[in-house]
Amino acid sequence: MTQLSRRTLFKGAAGVAVAAALPALRATAQAAPAPWVITYSRKLGDAEVTVLLDGYFLLEQAWVTALDPAEIMEGLTLAALDPGAAVPLPITATLIRQGDTMTLVDAGAGGSLGPTAGNLPAVLSGIGVDPAAINRIVLSHLHPDHIGGMLAGDAAAFANATVHVNETEIAFWTDPATETALPEAIRPWFTLAGGVLAAYGDRVTPFMGEADLGGGLSTVLMPGHTPGHSGFRVASGVEQLLIWGDSTAVASLQFTHPQAGIVFDTDSQEAAETRRRVLDLVVADRLLVSGTHMPFPGFGHVAQKDDAYAWVPEEWKLF
Ligand SMILES: [Zn+2]
């Protein structure tokens, strides 16, 4: 894999820390979390976009790349977070309802991250959405916190949905040579990705690069976090939303320091280049955006600030 020879995944001391922590990230059944139903809905033209809180995970400071500890502490202090603690990041999925079509963007962690996440089934049930009524699922990438909820046991949790994933992403997570080249602690991620693709079989529809998926939904290639990582542009009427997946995932650090990555990035330099390109686009086009790990509910805009950026949360729509 040329991507791996350029910059090896999880290298250096931080990689060791991740490898030590990863055994907890297994695609095994966990005790059911205490159910909660936390959602936020917003109209977008004729569509209704609902952010569903699957749960959260704690990002260890040692997993942040390209920042020194003082910069991390300063960023967390400015964000009024505990500067000495791991960074709590929400995990969300997004439901888009338009006409007769229900599209789910990412599917939460399922049992892959333990009891702080994997609540998507309870959330869907709580808002009266039958998983079997979801027509299609679009996946930003195949990391566990985005696809663990695709499965109920070994079976597809969504009986009737087509599944859209970037073809480079599929190739990466199904390549035995890539799996062998990576730390053994990552193997469960490959197992989970393979299990999801197998469970959905010929309902998986790969897309290439920037594709029109129909119904006002198109894909935007945002590689680096993973090779085929993709965002989604949602257009309805005159309104647009860019769902950027994990292209910016740590709001307290990556707007002020867009070079900062996390050790889960397949290629941290490419991820940083993508982040700047996407943030520049969002600023220039004044786009409304949302992302899997943005502070809940995660809708907002981006402002240019000095050499970097600032997150501008969207105020609650009262009408
Ligand atoms: Zn993620």
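1. Basis. This is a predicted model, in which local features need pLDDT of at least 70, side-chain atom pairs count only at pLDDT 80 or more, and totals for chains, interfaces and linings use all residues. Residues are numbered from 1 along each chain as its sequence is written, and side-chain values use heavy atoms, with hydrogens and water left out.

2. Confidence. The average pLDDT (the predictor's confidence in each residue, from 0 to 100) is 91 for the protein, and 89% of the residues score at least 70. Residues 1-30 have a pLDDT below 50, yet in the model this stretch has 48 contacts beyond near neighbours in sequence. Contact means heavy atoms within 4.5 Å.

3. Strand β5. Helices (H or I, at least four residues) and strands (E, at least two) are DSSP runs, numbered from the N terminus. Strand β5 covers residues 101-105; four of its five residues are buried, so the strand is largely enclosed by the rest of the structure. Buried means under 20% relative accessible area, exposed over 50%, and partly exposed in between (1.4 Å probe, protein chains only).

4. Neighbours of β5. Two strands pair if DSSP finds at least two bridges between them. With β4 (residues 87-98), β5 pairs in the antiparallel sense over five bridges, and Thr94 stands opposite Val105. Two residues lie between the strands of this hairpin, where Gly99 takes a positive phi near 55°. With β6 (residues 136-138), β5 pairs in the parallel sense over three bridges; here Leu104 has Ile137 as its bridge partner.

5. Crossover. β5, helix α4 (residues 120-126) and β6 form a right-handed β-α-β unit. Right-handed means that, with the strands pointing away from the viewer, the path from the first strand over the helix to the second runs clockwise.

6. Aromatic pairs. Rings of Phe, Tyr and Trp (its six-membered ring) pair if their centres lie within 6.5 Å; planes under 30 degrees apart count as stacked, over 60 as edge-to-face and the rest as tilted. The count is eleven aromatic pairs. In one of them, the ring centres of Tyr40 and Phe299 are 5.9 Å apart with the planes at 50°, so this pair is tilted. Tyr40 belongs to β1 (residues 39-44) and Phe299 to β17 (residues 299-305), so the pair ties together parts 259 residues apart in sequence. Tyr40 is buried at 12% relative accessibility, as is Phe299 at 4%. Ring pairs link Tyr40, Phe299 and Trp316 into a cluster.

7. Thr274. This residue sits in helix α10 (residues 268-284) and is buried, with 5% relative accessibility. Leaving aside residues up to four places away in sequence, Thr274 touches Met222 and Pro223.
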